[in-house]
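Please have the coordinates open while reading.

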Amino acid sequence: MRLLHTSDWHLGRSFHRENLHEAQRAFLDHLVAVVAERQVDAVLVAGDVYDRALPGLEAVALFDDALHRLAALGVPTVFISGNHDSARRLGVGAGLIERAGIHLRTDPAGVGTPVLLADGHGPVAVYGLPYLEPLLVREGFGLARGGHAAVLGAALAQVRADLAGRPAGTRSVVLAHAFVTGGAPSDSERDIAVGGVAAVPAELFDGIDYVALGHLHGAQTLAPHLRYSGSPLAYSFSEARQRKSTWLVDLAADGSVTAERIDCPVPRELARLRGRLADLLADPAHEVHEQSWVQATLTDPGRPAEPMERLRRRFPHTLQLLFEPEDRPAGDSASYAARVRGRSELEVAEGFVRHVRPGVELAGAERDWLREGFEQVRLDRARTDQGDPGAHR
């Protein structure tokens, strides 16, 4: 069975205020063409269809058009909701849409109910695991406590229980939206950590023939059966060196996997330039970047006059300007964003407390209160995204 694995479309997202609507449309045109030309048997979309819980009309229209075109090809398509999506809104009409071969898996209660496909070698059970926010789904999985690993483990236990009752030789496919240990993040993913580490161990997926992962924006292979497709477009300059693609996966009769990367259309190259302003404007080596989207980091000892205007005379698509003077004292060169990168929200807050209360560490009840505050805010935001009328305003 031939599967096309994609994820993290983020329809409606911009790139440093550059509208990506046409670029996203071009990707969807490309996706439909690949499905037709490469004789794809099923499409897997592993979450973050939209960039926000309340997408704009242009984004909704793009998604609607994609659904119609995929349905017209007669190729089954399985979507799961990601942490950027509103699961309830994305899942509206799922029962009716399923008649057209479009399967929207957004309800955690349905993780053990697969989409059943078949080829000449027998059945394939495709399980869609939507993004599982621990604070919202623990109770439904019978858990009193636990984070991402616990709720995902409980979901996969339901998957395995269902598989155990199916005919021998049934192959298994799982879609999941999660941060799996060993994956490399980018700057453009929303942090899903709360109350501890967000990463889940790859071993949770042992025994599944193919796992189509979403959330991380760089395409990567954690194991032959465990892959991120990444986002089809770059959504931050940290992705400048990433090759944007989808996975064309062939699932053999014995459940073994071979995969090929299919490159996505590139609307405009990304370039990260660094140096003194005069050098950037004069260096002939940068000619190749004159039509790229540019992030420029200036190292001049003093801030030059009108730097953005001057840069845009040569690089008209300069979008981001940073300053890191080359004579800045050692240890003082990192920006605030660089200093806090990789830290959880709780760790950033603790650092702020240490800054305003020198020599006093958070401990005991104070730290618990701060953690509970972050968890409550996250829970309220998650409930609001899902349209829960009980969410705090």
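This is a predicted model: local features need pLDDT of at least 70, side-chain atom pairs count only at pLDDT 80 or more; totals for chains, interfaces and linings use all residues.

Asp300 is found in the loop that runs between strand 16 (293–298) and helix 8 (307–314).

A polar atom of the Asp300 side chain does, however, lie 2.9 Å from the backbone nitrogen of Leu277. When neighbours within four places in sequence are left aside, Asp300 is in contact with Gly275, Arg276, Leu277 and Pro325.

## Aromatic pairs

The count of aromatic pairs comes to 6. One of them is the tilted pair of Phe15 and Phe237, with 5.1 Å centre to centre and 55° between the planes. This pair links distant parts of the chain, 222 residues apart, since Phe15 is in strand 2 (residues 14–15) and Phe237 is in the loop between strand 12 (226–228) and strand 13 (245–251). Phe15 is buried, with a relative accessible area of 0%, and Phe237 also counts as buried, at 2% relative accessibility.

The rings of Tyr50 and Phe63 have centres 5.5 Å apart and planes at 70°, so this pair is edge-to-face. Both residues are buried, and Trp9, Phe27, Tyr50, Phe63 and Phe79 form one aromatic cluster.

## Arginines over rings

Arg261 lies over the face of Trp247, at 5.8 Å from the ring centre, while Arg303 lies over the face of Phe323, at 3.7 Å from the ring centre.

Definitions and conventions: Residues are numbered from 1 along each chain as its sequence is written. Side-chain values use heavy atoms; hydrogens and water are left out. Helices (H or I, at least four residues) and strands (E, at least two) are DSSP runs, numbered from the N terminus. A polar contact is a pair of N or O atoms within 3.5 Å; within protein, one must be able to donate a hydrogen and the other to accept it, and residues adjacent in sequence count only if both atoms are side-chain atoms. Contact means heavy atoms within 4.5 Å. Rings of Phe, Tyr and Trp (its six-membered ring) pair if their centres lie within 6.5 Å; planes under 30 degrees apart count as stacked, over 60 as edge-to-face and the rest as tilted. Buried means under 20% relative accessible area, exposed over 50%, partly exposed in between (1.4 Å probe, protein chains only). A charge sits over a ring if NZ of Lys or CZ of Arg is within 6 Å of the ring centre and within 35 degrees of the ring normal.
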